[in-house]
Amino acid sequence: MSEVLLALKALRAGYGEAVVLDDISLDVPERGSLAVLGRNGVGKSTLLLSIMGYTEVSRGQVLWRGQDVTRLEPHRRARRGIGWVAQEREIFPSLTVEENLTVASRPGRWDLQAVYGLFPRLAERRANMGNQLSGGEQQMLAIARTLMTNPALLLLDEPLEGLAPIIVDELLGVLGNVIRKEGMAAIVVEQKARKILGFTDRAIILDRGRIVFAGDSAVLANDPERLEAHLGVAEQKTPAALPH
Amino acid sequence: MSTVSSAVLSSLALSTQGLDKRFGSLVVASDINLAIPHGVRYALIGPNGAGKTTLINLITGMLRPDAGRIVLGDTDITTFKPDARVKRGLVRTFQINQLFPHLNALEAVTLAVCERRGVAGEWWKPLPAYGEAVDEAYAILKSLALATDCYRLTRELAYGQQRLLEIALALATRPKVLLLDEPAAGVPRGEGAELFSAIAGLSKDITVLFIEHDMDIVFRFASRIIVMVGGRILVEGTPQEIAADARVREVYLGGDAP
Amino acid sequence: MAVSSSAAFDPNLYLQAQTRWQPIEYAFWAATLLPFLLFPHHLVLASQIAITALFALSLDLILGYAGIVSLGHAAFFGLGAYTAGIMSKYGWGDPFVGLLVGPAVAGLAGYATSFIISRFRHLPLIMITMGLGFLLLEAANSAEWLTGGSDGLQGVRIGPLFGRLRFDLWGYTSYAYSLCVLFLVFLVTRRLINSPFGLALRGIRENPVRMPAIGAPSRSHIRTIYTISAIVAGIAGTVLAQTTSTVSLGVLDFQRSAEVVIILVLGGAGRLYGGLVGAIIFMVARDQFSGIAPQYWYFWIGALLVSVVMLLPNGILGGLARLTSSWRDKAS
């Protein structure tokens, strides 16, 4: 039975006193993958930030390999094996591609050769400065840089955002490779639901900070109505406690 | 886009024509045309980075547009400073609270009332001499259930109360057009009842445009939805029309046919 | 301030209670008369303290209440001093005339520079205030024909108060004069702080972004308070020139600007009495330390400043306020 890498228990978190996530419970086993879907503003990015330790947790726990890391600083969580790829990518503009990759690398299966193998484009541009890359190349570099730290769990925040369709397909291929074939555990936040349901095992949908659906990605992918209801612009069918 | 005739314009509470704004090569607003009639509740929705808050900043004057016009009622306010727009009734609230941490709620709202009355520059009479302003402030606080805690410092109020104070400050300026930027942000679903009734209770004399992600609020309050993507208005229509719109579906659900 | 029931709560009465004179304020001002009885040989020092307190009060108006950090406020202090001194050279030595014109000149300069000041915040603002201070210092230094340059103003002849009371080395007249001026200006300032304008200033300090969003003309408010602050600083400088009959470049220099900031931070900015308390502590400490070991004065003042900022970020008055509120919480 594979170990549970990450577990969230009834997590309530946000920024300062603002509460964005409420009562979030989930777990991700080794080699497991989870898609996190939902409209804007529901707290998808906040979920990843909470796993990394950048938010205020008012209730609940974050457990890594069974240990409570709720109060652990972000950099220590990174050292324990959580690899976070931020939505803003945050490439170091004054370092070259190769320097970006090696600056925080740790030994393991993913070294320069392996990473250049995944992303030939980066190999071609290894001497380019970080700010001399296109959007797609920056995204590739961000993912590759995190892979170089050889994490046990990859957190991807909207990896496909703002990219041209060709790059999206390329990236999807790589992610499918890394997550499915190589078995890297991952949590992927994405707007483009249908695309990431293809290479993840499980999926959750967030709405206003709560989980409103949790199940197999394959099941959800074949349920366009549910996707529509939770992710599209639609009146909520569940009666909400609103004054009239 | 054709220019709207002035007769039609003055029947609108707020309108913009051809608003453009870019930062270098990044286009944050492109050809934004809005026509918002009096007394309506419109919702502005769209993915992150669509430019919704930027649009609010352009309309309120915190950002200067590269091109285009903004008309409030029958006045062209494109070159007006932010406080001048507020004086004419164009008011906004902030997604992240912008309050006065060390003032209590009574002082904060009284300040807003005094500014509106134009007496905030008077330094020779003590505050208690402005009883009407204070009473007005207290009445607003009462209407938002903030009266009992009005003597407590803003920073000591619960988050939901701070969100209500955000709205109270806006109401103190007697807005004609109110722009709410994610009014319920940071308040979990189960705890937003007061906030929702505050929004529901807004006077019909006030025209409201709100940015929201929560479809409950949108469908409950909005008579019309404007969808923004990548700095442009993608489409606008009634909630039912928008819910059925294929382009909107693509934006929200990401892509290719299943 | 606890509220028993919302039905009984009257916001107007509450605000009135907030602005009422507290017993400790009466005690404070009564205590300012003590030097006449207890320290009759130190009245010159007491007079200096009152003047510094007034200067700190002027800074509190912009720094403590509007959030404008200035490292060049001595400019207005110095303008007041030089104006009063120069006027007295040419026969206009009556203190009350000086008290009218000195601050007026400082106020005019304040008004003129307020147009620049109101456009900036944070680091650029600090730099500009420093720069303007240096400009004025150098101008005074160069205009020897007017100011006496680095030798100081010569021929200052201050007339007696009411035509009879001279400012002598005993200090009775000096301290009585400085104290009265301080008190009167304080009364005006206190009224200002408790007015709608005072509320607007606190709003600017607390959240400058929100102010225009509630229709506040922030720049206009800042110009007003900056001008008023310059006038008050000018009054302090004028009184210094009049009570000491000397004016030197020291009234304009950076050290004076920096010291008044330290004094205000020490006492607690934004509390009206902070500058007064800070001035008393700073000046008394300096006077004592200069006697004991003058070469270590700056070490001690540095150590004091670091400790206060780390332990009592809102100054001594801020610390006292926290202490009393925690006692009150424990008692209830």
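Q: In β9(A), which residue is the bridge partner of L37(A)?
A: That's I205(A). Before going on: this is a predicted model, where local features need pLDDT of at least 70, side-chain atom pairs count only at pLDDT 80 or more, and totals for chains, interfaces and linings use all residues. Residues are numbered from 1 along each chain as its sequence is written, with chains lettered from A and ligands numbered from 1 in the order in which they are written.

Q: Which strand does L37(A)'s side belong to, and in what sense do the two strands pair?
A: Strand β3 (residues 33-37) of chain A pairs with β9(A) in the parallel sense, over 4 bridges. Strands here are DSSP E runs of at least two residues, helices are H or I runs of at least four, and both are numbered from the N terminus. Two strands pair if DSSP finds at least two bridges between them.

Q: And what does I205(A) stand opposite in β10(A)?
A: F213(A). β9(A) and strand β10 (residues 210-216) of chain A run antiparallel, joined by 6 bridges. They form a hairpin with 2 residues between them, and R208(A) in the turn has a positive phi of about 50 degrees.

Q: Is β9(A) mostly covered or open?
A: Mostly covered: 6 of the 6 residues in β9 (residues 202-207) of chain A are buried, meaning 20 or more other C-beta atoms lie within 10 Å of a residue's own, with C-beta atoms placed from the backbone (12 or fewer is exposed, in between is partly exposed).

Q: Which of them point which way?
A: R202(A), I204(A) and L206(A) point one way, while A203(A), I205(A) and D207(A) point the other.

Q: OK, chains. Which pair shares the most contacts?
A: B and C, out of 2 pairs in contact. A contact means C-beta atoms, placed from the backbone, within 7 Å. That one takes 39 residues from chain B and 32 residues from chain C, and α4(B) gives the largest share of chain B's side, 8 residues.

Q: How many residues are in the contact between A and B?
A: 31 residues of chain B and 31 residues of chain A. On chain B, the elements giving two or more residues are α7 (193-200), α8 (215-221), α9 (239-244) and α10 (246-253).

Q: How far apart are the closest C-alpha atoms of A and C?
A: 17 Å, and no contact joins those two chains.

Q: What's the secondary structure of chain C?
A: 16 helices and 0 strands. Buried residues make up 48% of its 332 residues, and its C-alpha trace spans about 65 × 45 × 40 Å along the principal axes.

Q: What does L54(C) touch?
A: V181(C), L182(C), V185(C), V232(C), I235(C) and A236(C), leaving out residues up to four places away in sequence.
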